[in-house]
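Subject: Structure handover

Hi,

Here is the structure you were waiting for. My notes follow below it.

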Amino acid sequence: MSYESNAHPAQTSIMRHLLFTPDAGFAEIQKSTNLTSDHFAFHVKKLVDEGYLEKNGGRYRLSGKGKE
């Protein structure tokens with residue numbers, strides 16, 4: 001079973017954005033969703049904690065696990 005089949009739609013949207021924009025800042029990714037800043041931050045943190053996203057400075061990108 002793939003991650004996407006179990007992912008919250010917001011997390012899928014974030015990962016899809018980063019698939020086509022390999023390196024993006026918080027505000028840039030948030031604009032691609034209809035989430036409040038707090039709700040968006042929750043999902044980004046969860047994706048980072050689970051190893052799907054990597055944070056470097058203020059920029060985010062898919063990790064190797066996230067690209068799978």
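Start with Glu28. At 34% relative accessibility, Glu28 counts as partly exposed. Please keep in mind that this is a predicted model.

**Salt bridges**

Glu28 has a charged partner. Its side chain meets that of Arg59 in a salt bridge, at 4.0 Å from N to O. Arg59 lies in strand S3 and Glu28 in helix H3 (residues 26-30), so this pair ties together parts that are 31 residues apart in sequence. Arg59 is itself partly exposed, with a relative accessible area of 34%.

Arg59 also forms a salt bridge with Asp23. Here the closest N and O atoms are 3.0 Å apart. Asp23 sits in the loop between helix H2 (9-20) and strand S1 (24-25), while Arg59 is in strand S3, so the link joins parts 36 residues apart in sequence. Asp23 counts as partly exposed, at 38% relative accessibility.

Another pair is Glu54 and Arg61, whose side chains meet in a salt bridge at 2.8 Å, N to O. Glu54 is partly exposed at 33% relative accessibility. Arg61 is partly exposed too, with a relative accessible area of 40%. Shared partners join Asp23, Glu28 and Arg59 into one network of salt bridges. The total count is four salt bridges. As background, side chains of opposite charge can pair when their charged atoms come close.

**Helix H4**

Next, helix H4, which covers residues 37-49. Its 13 residues should span 18 Å at 1.5 Å a residue, and the end C-alpha atoms are 18 Å apart, so the two values agree.

Which residues of H4 are buried? They are Phe40, His43, Val44 and Leu47. Seen down the axis of H4, the buried residues fall within an arc of 100°, so they line one face of the helix. The face turned away from that buried side carries the exposed residues Asp38, Lys45 and Asp49. Just after H4, Gly51 takes a positive phi of about 85°.

**Helix H2**

H2 has twelve residues. From its first C-alpha to its last it reaches 17 Å, close to the 16 Å expected at 1.5 Å a residue. The buried residues in H2 are Ala10, Gln11, Thr12, Ile14, Met15, His17 and Leu18. Pro9 is also found in helix H2. Pro9 is exposed, with a relative accessible area of 63%.

**The nonpolar core**

The largest nonpolar core has 14 residues. Which of them touch the most other members? Those are Ile14, Leu18, Ile29, Phe40, Val44, Leu47 and Leu53. H2, H4 and S3 each supply at least two residues of this core. H2 gives the most, with four residues.

Val44 is worth a look on screen. Leaving aside residues up to four places away in sequence, Val44 touches Ile14, Leu53 and Tyr60. Val44 is one of the buried residues of H4.

**Ser63**

Now turn to Ser63. It sits in the loop between strand S3 (59-62) and helix H5 (64-67). Is Ser63 buried or exposed? Ser63 has a relative accessible area of 5%, under the 20% cut-off, so it counts as buried. Its side chain reaches the backbone oxygen of Gly51 at 2.5 Å. Not counting residues up to four places away in sequence, Ser63 touches Gly51, Tyr52, Leu53 and Glu54. Among these, Glu54 is the salt-bridge partner of Arg61, and Leu53 belongs to the nonpolar core.

**Gly57**

Last, Gly57. This residue lies in the loop between strand S2 (53-56) and S3. Gly57 counts as exposed, at 56% relative accessibility. Gly57 and Gly25 are 32 residues apart along the chain, and their C-alpha atoms are separated by 9.2 Å. Pro9 and Gly57 are 48 residues apart in sequence and 26 Å apart in space, C-alpha to C-alpha.

Best wishes

Definitions and conventions
Residues numbered from 1 in each chain as written. Predicted model: local features only at pLDDT ≥ 70, side-chain atom pairs only at ≥ 80, totals over all residues. Heavy atoms only, no water. Buried < 20%, exposed > 50% of the residue type's maximum accessible area, 1.4 Å probe, protein only. Polar contact = N/O pair within 3.5 Å; in protein donor to acceptor, adjacent residues only side chain to side chain. Contact = heavy atoms within 4.5 Å. Expected span 1.5 Å × (residues − 1). Arc of directions from axis to C-beta. Core = buried A, V, L, I, M, F, W, Y, C linked by side-chain atoms within 4.5 Å.
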